[in-house]
Amino acid sequence: METINTVIIIVACLFTLSWLYGIRYKMQMADRASQSTINSTFLYIVSIILVLIVGFSPLHLLWMFPLAVVISLLSLTFPFSLISILSIPIEKLAYIGLDWDKIQTLQDDVKEVIRLMKMEKMTREDAMKIVKEKRSKRIPV
């Protein structure tokens, strides 16, 4: 039974770390993870801490993780939306060490592609080609 408990804790930690990495990866790609994803990750961490510190059986994680998903989906409405305030540190933790200048450049490129597609009626590929050409002509700081 102890082996099963250890395996559950390890799998839960790896799962939670993968979600943290997913939040980070989305931001690296000039996008932001959904608030529901961030809240789910926060609730996963809280669940693991409860199991480890309070001494609950790790088997409780088998119902706590699915419940975390349901609560995070409800977190877009009051009163569950208060979870979003508590999950801010988790989001900031995922962003540690990111190159914000590069992210800002990517976000600007995405906005420019969207603008070209809407205003100039270009295809996505043509707009991306123009933005890449403009980016290659930028003078590095």
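Which does Leu 73 count as, buried or exposed, and at what relative accessibility?

Guide: This is a predicted model, in which local features need pLDDT of at least 70 and side-chain atom pairs count only at pLDDT 80 or more, while totals for chains, interfaces and linings use all residues. Residues are numbered from 1 along each chain as its sequence is written, and side-chain values use heavy atoms, with hydrogens and water left out.

Leu 73 counts as exposed, because its relative accessibility is 56%. Buried means under 20% relative accessible area, exposed means over 50%, and partly exposed is in between, with a 1.4 Å probe and protein chains only. Leu 73 belongs to helix H3. Helices here are DSSP runs of H or I with at least four residues, numbered from the N terminus.

H3 covers residues 61–74, which is 14 residues. From its first C-alpha to its last, H3 reaches 19 Å, close to the 20 Å expected at 1.5 Å a residue. The expected span is 1.5 Å times one less than the number of residues.

Leu 61, Met 64, Phe 65, Ala 68 and Ser 72 are the buried residues of H3. They cover an arc of only 100° around the axis, which puts them on the same side of H3. The arc is that of the directions from the helix axis to the C-beta atoms. An α-helix has 3.6 residues a turn, so residues three or four places apart point the same way. On the other side of H3, Leu 73 is exposed, and so is Leu 62.

What do the buried residues of H3 pack against? They pack against helix H1 (2–28) and helix H2 (35–54). Two packed helices are described by the angle between their axes and the distance between the axes. Axes are lines fitted to C-alpha atoms, for helices over the stretch in contact, and angles run from 0 to 180 degrees between N-to-C directions.

Take H2 first. The axes of H2 and H3 come within 8 Å and cross at roughly 150°. H2 and H3 are therefore roughly antiparallel to each other. Angles over 145 degrees count as roughly antiparallel, under 35 as roughly parallel, 65 to 115 as roughly perpendicular and the rest as oblique. H2 passes H3 in a right-handed crossing. A crossing is right-handed if the near helix is turned clockwise from the far one by less than a right angle, and left-handed if anticlockwise. The residues of H2 that make the contact include Ser 36, Asn 39, Leu 43, Tyr 44 and Val 51, and those of H3 include Leu 61, Phe 65, Ala 68, Ser 72 and Leu 73. Contact means heavy atoms within 4.5 Å. Leu 73 is exposed, yet it is among the H3 residues in this contact. Between Leu 73 and Asn 39 there are 34 residues of separation in sequence and 8.5 Å in space, C-alpha to C-alpha.

Now H1. H1 and H3 pack at an angle of about 20°, with their axes 11 Å apart. H1 and H3 are therefore roughly parallel to each other. H1 passes H3 in a left-handed crossing. Ile 8, Ile 9, Ala 12, Phe 15 and Thr 16 of H1 meet Leu 61, Leu 62 and Phe 65 of H3.

H1 itself has 27 residues and reaches 39 Å from its first C-alpha to its last, close to the 39 Å expected at 1.5 Å a residue. Its buried residues include Asn 5, Ile 8, Ile 9, Ala 12 and Met 27. The cover over the buried residues of H1 includes H2, H3, helix H5 (88–94) and helix H6 (100–119). Lys 26 is also in H1, and it counts as partly exposed because its relative accessible area is 34%. Apart from its neighbours within four places in sequence, Lys 26 contacts Asp 31, Arg 32 and Ala 33. After H1 comes Ala 30, whose phi is positive, near 65°.

Last, the chain beyond H3. Most residues other than glycine have a negative phi, and most peptide bonds are trans. The peptide bond from Phe 78 to Pro 79 is cis, with omega near 5°. Pro 79 sits in the loop between H3 and helix H4 (82–86).

Terms used: Helix = DSSP H or I, 4+ residues; strand = E, 2+ residues; numbered from the N terminus.
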